[in-house]
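Here are my notes on the model, point by point. Please read them with the structure open.

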Amino acid sequence: MRTIIFTITTLFALLVFVACGANESDTNNNELPFHGLSFAEARQDFTTTLTRQVTNSYTIPQPPEGVFSLVHFQSKVGSLAAFISDDPNDGQLHPLIIWVVGGWSNGISDLPWSYGAWDNDQTGAAFREGGILMMYPSFRGANGNLGYHESLYGEIDDIVAAFEFAAALPYVDPSRIYLAGHSTGATRVILAAAYTDVFRAVFAFGSVDDISEHNRAMFTFDLSDNEERMMRSPIFWLDDITTPAFIIEGRYGNAQSLENMKNATTNSNVHIHIIEGGDHFDMLAPITKLVAQRILADVGAASNISFTDQELQTAMNQPPISPMPIMLPHHNEEIGVSFLLPFAWGQFREAHMTYTYTAAFFDENLWESSYLFLDAFDISFSSSYELDEWLGFDEGFDKWIININGQEVPIWAGHIRFRGEVHFNIAAAFQTDNQLTIFDFLTPQTFADSAEYLFTQIINSITFD
């Protein structure tokens, strides 16, 4: 599944264009097809003609239990797969956002629970971390779904079908369902906003104005057919958007497309923002974090979300904040202890009462390059000094005491060399009866600040049998 993500991410990178897009004369030309029709009216009598039949059968991975569930929703083409947030089981109705990923695979992968880097977070994790339910739909022709890739035409019907599925869930507030997407997903989002008014607000990160500016090698229609092109190009339909739509991009991304769209409409529902200093990828994490905050505060009969350029710029300029991985409960039966672990980490038994927890793959981020070593010993110490001496923490380590479930737990933090590189090392010791249990966390120095926060989440969750 990591291969699938790599493929999708590689396709994302192909989508960044400084687009020239449709010019203003195009959008005002009365001789263009569909003149005088709304997007919904134009689609009603239009049938796309595909030049090739593209599908894929990428395997759908099992989502993290208690976080997402694999579901199927019914679209015009048939049953489509999706990941959706589990019921919080609190008896409340919750806001939900449908996140449409970029690229052209039309499918879902392990992206929703992958580690999202601050300078390229295509996961939409800021919404989940903010407490907003999420849905990641797949589209026709992907993951073994019926139908074929239609290059942004039939997929708009699939987005509407995803909304209908989410709105029927007993724990989702149907009046607070939002739509957002990145890159190709952003173009789909704007088209959906022009087609239907069911979403409370939509957020498009890095759309193009004209389908011609996307990756033509992925098209399954004849671009020379002007009707086919218009049906997939947001710039022709911006005036039909009746719900708040926020189109956002970094200056070094598809900014020209946004300039073209800004010149093509005076629709007060369409809000276009170009962020200085940002690009097609690095604006995602800081801006989605701000959007999540606004969604949580968006209550009442109608959406009250708004942004100023200065607010978006301030968000963009904030110091990087390392995202946290999804944490799931884990139980070590031999040692008799339960605690939270990053979902991607596996358990590796090294010896009696000795375990290593880490990711099965390696990448340059906190989640995938860190280790947790768990050791238990049949021993007890009468003093903190004896324990310090036995563990071998030297004077270069800081030490403090915290209280966890009524027990005083010593913590040591410092730096050691591990596999030829300087690593940040933080450890905690738990004394229960005659058993000493050590949690020893190691990560490259680059991630030291975030590592302490992640380690704190782990040790604060510890309970013994």
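**Notes on the predicted model**

1. Strand 11 (residues 345–351) and strand 12 (residues 354–359) run antiparallel and are joined by 6 bridges. Ala351 stands opposite Thr354 in strand 12. The hairpin of these two strands has 2 residues between the strands, and there Met353 takes a positive phi near 60 degrees. Helices (H or I, at least four residues) and strands (E, at least two) are DSSP runs, numbered from the N terminus. Two strands pair if DSSP finds at least two bridges between them.

2. A word on the basis. This is a predicted model, in which local features need pLDDT of at least 70, side-chain atom pairs count only at pLDDT 80 or more, and totals for chains, interfaces and linings use all residues. Residues are numbered from 1 along each chain as its sequence is written, and side-chain values use heavy atoms, with hydrogens and water left out.

3. Strand 10 (residues 337–342) is joined to strand 18 by 2 bridges. Val337 has Phe464 of strand 18 as its bridge partner.

4. Met327 is found in strand 9. Met327 counts as buried because its relative accessibility is 15%. (Buried means under 20% relative accessible area, exposed over 50%, partly exposed in between; 1.4 Å probe, protein chains only.) Leaving out residues up to four places away in sequence, Met327 touches Leu340, Leu341, Pro342, Leu454, Gln457 and Ile458. Contact means heavy atoms within 4.5 Å. Met327 and Glu408 are 81 residues apart in sequence and, C-alpha to C-alpha, 24 Å apart in space.

5. Does the length of helix 12 agree or disagree with expectation? The 13 residues of helix 12 (residues 448–460) should span 18 Å at 1.5 Å a residue, and the end C-alpha atoms are 18 Å apart, which agrees. The expected span is 1.5 Å times one less than the number of residues. The buried residues of helix 12 are Ala448, Ser450, Ala451, Leu454, Phe455, Ile458 and Ile459. They cover an arc of only 165 degrees around the axis, so they lie on the same side of helix 12. The arc is that of the directions from the helix axis to the C-beta atoms.

6. Thr437 lies in strand 17 (residues 435–444). Thr437 is buried, with a relative accessible area of 0%. Its side chain makes a polar contact with the side chain of Gln435 (3.1 Å). A polar contact is a pair of N or O atoms within 3.5 Å; within protein, one must be able to donate a hydrogen and the other to accept it, and residues adjacent in sequence count only if both atoms are side-chain atoms. Not counting residues up to four places away in sequence, Thr437 touches Ile335, Leu374, Asp375, Ala376, Ala428, Ala429, Phe430 and Phe464.

7. Now the nonpolar cores. The largest has 60 residues, and those with the most contacts inside it are Leu96, Ile98, Met135, Leu179, Trp237 and Ile247. Helix 6 (residues 184–195) gives the largest share of this core, 7 residues. A second, separate core of 36 residues includes Phe68, Ile248, Met283 and Ala315. A nonpolar core is a set of buried Ala, Val, Leu, Ile, Met, Phe, Trp, Tyr and Cys residues joined through side-chain atoms within 4.5 Å. Leaving aside neighbours within four places in sequence, the contacts of Ile247 include Ile190, Leu238, Leu258 and His271.

8. His149 is found in the loop between strand 4 (133–137) and helix 5 (154–167). His149 counts as buried, at 8% relative accessibility. A polar atom of its side chain lies 3.3 Å from the backbone oxygen of Gly141.

9. Phe34 is not a glycine, yet has a positive phi of about 70 degrees. Phe34 lies in the loop between helix 2 (24–27) and helix 3 (39–44), and counts as buried at 16% relative accessibility. Asn89, also not a glycine, has a positive phi of about 60 degrees. Asn89 is found in the loop between strand 2 (78–85) and strand 3 (94–100), and counts as exposed at 66% relative accessibility.
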